[in-house]
Amino acid sequence: MSLSIGIVGLPNVGKSTLFNALTKAQNAQAANYPFCTIEPNTAIVPVPDTRLAALAELVDPKVVTPATVRFVDIAGLVKGASRGEGLGNRFLANVRETGVILHVVRAFADDDVVHVHGGVDPVRDMEVIETELVLADAQVLEARIDRLRKQAKPGGRDKDAAEALASAERLLEHLLGGNPASTVSGADEPAMAAFVADVRPITAKKVIYCANVDEGGIDGQGPAARAVAERAAARGAEFAVVCARMEEELAGLEEAERREFLSSYGVAESGLDQVIAKGYRALGLISYFTAGPKEVRAWTVTRGSRAPKAAAEIHTDFERGFIRAEVISFEDYVRHGSEAKCRAAGVMRLEGKDYEVRDGDVIHFLFNV
């Protein structure tokens, strides 16, 4: 399992600049005109985690493997995208495959960077994107309903199709009212939950609203950034403040230089750290570690995962033949300095199939197949 984040927004809000910065790779063209990104850009980046470095320093492995995040950046969406305007609608299918939406909103003024609507207005811009995503989902639902009606004929035996049709029609009515799929009534009902999981509406996904500010607005207290924060709060969504231009400068610096640069702006985290942490929180993800002379590695699982399910991230045989897990908390591992010393100190625990893996656990799985 790995976190995947789809980046959406209007043209010229800084999506591609942010993508370049976040991935530390200049593989998304950033230019001062709409639709400069005409292919979906995808990049895999490591999850920043100081715990991984601390374990590696103690174990001295041959390889250190972090957890990863997949970023997908698509062409800017415009009003009418759901009807074919612009280019972004061509790539919405790529966003459907991601776990979290990063909605980038322009919160900076710059006469040299054209705004497609003539000026900075975060509320208007967010409404445009949200409307187009809802309409894009509605189009998918309409096509699905046509197929389901043929399958769920009166007196037919396909009970699953009939239940799916009822869920689809209820969800479509909800969308056509201008509402995201995430707020449909009865979302936790088995039939609706199964249908949503199958269709994967974009507006059913968790959202991180991201205010892209200039260097002077990095504290997030400017009126435009506050408008984005208020929208996120009203939606029960995560919120991040990022200066894409500053992130581009950070991308080429060594770690010590990065810390000094951030400190000069009074910022503790980079945009990458912010967005990934909020993405993990939005999806309820945590990391556990394996540590040995060959490799120290971070693994991503859903909070509440039991030990056999977490073991399956390494290999399905680990789940199938699970015997037990030897578990040391990260804090205990660092305090005592090695697995052997943790054993001697009695802080290594033997856990069974019902154990819920905790964030930061260092685990050795025992299995037999």
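Hi everyone. The accessible surface of the protein chain comes to about 17800 Å², and 49% of that belongs to carbon and sulfur atoms; areas are from the Shrake-Rupley method with a 1.4 Å probe. Please keep in mind that this is a predicted model, where local features need pLDDT of at least 70, side-chain atom pairs count only at pLDDT 80 or more, and totals for chains, interfaces and linings use all residues. Residues are numbered from 1 along each chain as its sequence is written, and side-chain values use heavy atoms, with hydrogens and water left out.

The protein chain has 14 helices and twelve strands, taken as DSSP runs (H or I, at least four residues, for helices; E, at least two, for strands). Of its 369 residues, 49% count as buried, meaning under 20% relative accessible area.

Now to my helix pair. The axes of α4 (residues 122–151) and α5 (residues 159–176) come within 9 Å and cross at roughly 155 degrees, with axes fitted to C-alpha atoms over the stretch in contact and angles running from 0 to 180 degrees between N-to-C directions. The two helices are therefore roughly antiparallel, the word for angles over 145 degrees. Among the α4 residues that meet α5 are Val134, Leu141 and Ile145; contact means heavy atoms within 4.5 Å.

Lastly, glycine 252 sits in the loop between α8 (244–251) and α9 (255–264). Is glycine 252 buried or exposed? Exposed, because its relative accessibility is 66% and the cut-off is over 50%. Glycine 252 is 231 residues from alanine 21 in sequence, yet their C-alpha atoms are 9.0 Å apart in space. Thanks, everyone!

Definitions and conventions: Angles under 35 degrees count as roughly parallel, over 145 as roughly antiparallel, 65 to 115 as roughly perpendicular and the rest as oblique. Buried means under 20% relative accessible area, exposed over 50%, partly exposed in between (1.4 Å probe, protein chains only).
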